[in-house]
Amino acid sequence: MDSVDREPCPGCGETAPLSTTACPFCKASLRMDVVLAAPVDDERIRYQLARAIASLGPPAPDFSTAQRALENPRPVLARGLSKLAARHLLEALTDFGLTATAEPEGTVAPQSPSGARRLATWATLGVMMAGTFFIATRHDSPPVNPHASARRTSRFAQARSIPWSTPAPPLSLKDLSVLAAPAMVEVRCNDRRSPGFFVARDVVLTRAAATEGCSNVNVAASGAMLEGEVTQRDPWLGLALVRAIGSRTEPLRLGDAASLHGGDRLVIAGSTVREVRMGTAARQLHGIAYLLMAGDVQPGDAGAPVLDGRGYVVGVVDGNEGGEPAFLPINYAYEESHLLERPAGTDTGRWKSLLAEVELAEKLRVETPPAQSPSTPSPSIQ
């Protein structure tokens, strides 16, 4: 074994293989934790980084774990790795422009009780990956040189830089389900039940009809029952905000329905989480534009969020308009009603153009006899 594959044990001074997690002489732990130098404050960058890190595979964390870790004051991305596995992960993170260090196991305390449970998992992965890298080093690759990381491509990632100026890649249905599940709630007012979802750490967006006659409601969230206070209603849109007292749930991110195109993949996070498609037409009712979907709306879906492929909320399920599944664009909640703060990166001009096109299409649909025009003109969402 080459000397670069060994380092002195901090306990006894004997040289030990980098691929092991315990000194073969004094049995001292050689496990390492991979820790980022600083948290990632920008939500969208954090989202993209979590996707990129998860794509590396073990011992890098999965998407949800990485996203939570990046919020911590000292983000710990992996625990209990061998020095060799930690070194490879550090090189992969460098490819993404991140500064990280390998610290002795336990130097940075877990942020929550679940961290202790994850520790055992990462330790096992560390041993497994250490063996994999040891075999690769012995048979397929030159020895690992700790001073040459800038000259070699990471074995994890093939030097993939994150495209900061482009949208995050689409998520699988499973990833979208995992992303949406913690933010989903059921709002209960007397004998009425309605879905809703967190739009801030303690604020739920739901249907106004679900809160009628109740200034206080119950919010069933992630197996817990919270007290809810109705803070705002918009009867025109049929939406309401409920403050879920004591909740610190991670909210869903708001998107831009005006950026959608006909045929785009959407996900309804309602009674079940399932894929639908963006329609190529829209309807206007009482001055409100509803976008149509190709797919089924199930009983109990009204009030559930509609997500785009990247996990951003683009609308709220309304039900059926003219016999077709439809949703209220989320833009209404921050462009017209001001129930919510407008998220960064949305295009107000594009939104106004969409409203104007829907209004024109609806006017032509009403004024043109069906015999002369069997198809309804559609706004440019194709």
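1. In this predicted model, the side chain of Asp308 reaches the backbone nitrogen of Arg310 at 3.0 Å. Asp308 belongs to strand β16, residues 305-308, and with a relative accessibility of 10% it counts as buried. Apart from neighbours within four places in sequence, its contacts are Leu176, Leu260, Arg265, Leu266 and Val314.

2. The whole structure holds 15 salt bridges, among them one between the side chains of Asp33 and Arg79, at 3.4 Å from N to O. Because Asp33 lies in strand β3 (residues 32-36) and Arg79 in strand β4 (residues 76-81), this pair ties together parts that are 46 residues apart in sequence. Asp33 is buried at a relative accessible area of 0%, and Arg79, at 9%, counts as buried too.

3. Asp256 and Arg350 form a salt bridge in which the closest N and O atoms are 2.8 Å apart. Asp256 is in the loop between β12 and β13 while Arg350 is in helix α7 (residues 348-367), so the pair connects parts 94 residues apart in sequence. Here Asp256 counts as buried at 8% relative accessibility, whereas Arg350 counts as partly exposed at 35%.

Note on methods. Residues numbered from 1 in each chain as written. Predicted model: local features only at pLDDT ≥ 70, side-chain atom pairs only at ≥ 80, totals over all residues. Heavy atoms only, no water. Helix = DSSP H or I, 4+ residues; strand = E, 2+ residues; numbered from the N terminus. Buried < 20%, exposed > 50% of the residue type's maximum accessible area, 1.4 Å probe, protein only. Polar contact = N/O pair within 3.5 Å; in protein donor to acceptor, adjacent residues only side chain to side chain. Contact = heavy atoms within 4.5 Å. Salt bridge = Lys/Arg side-chain N within 4 Å of Asp/Glu carboxyl O.
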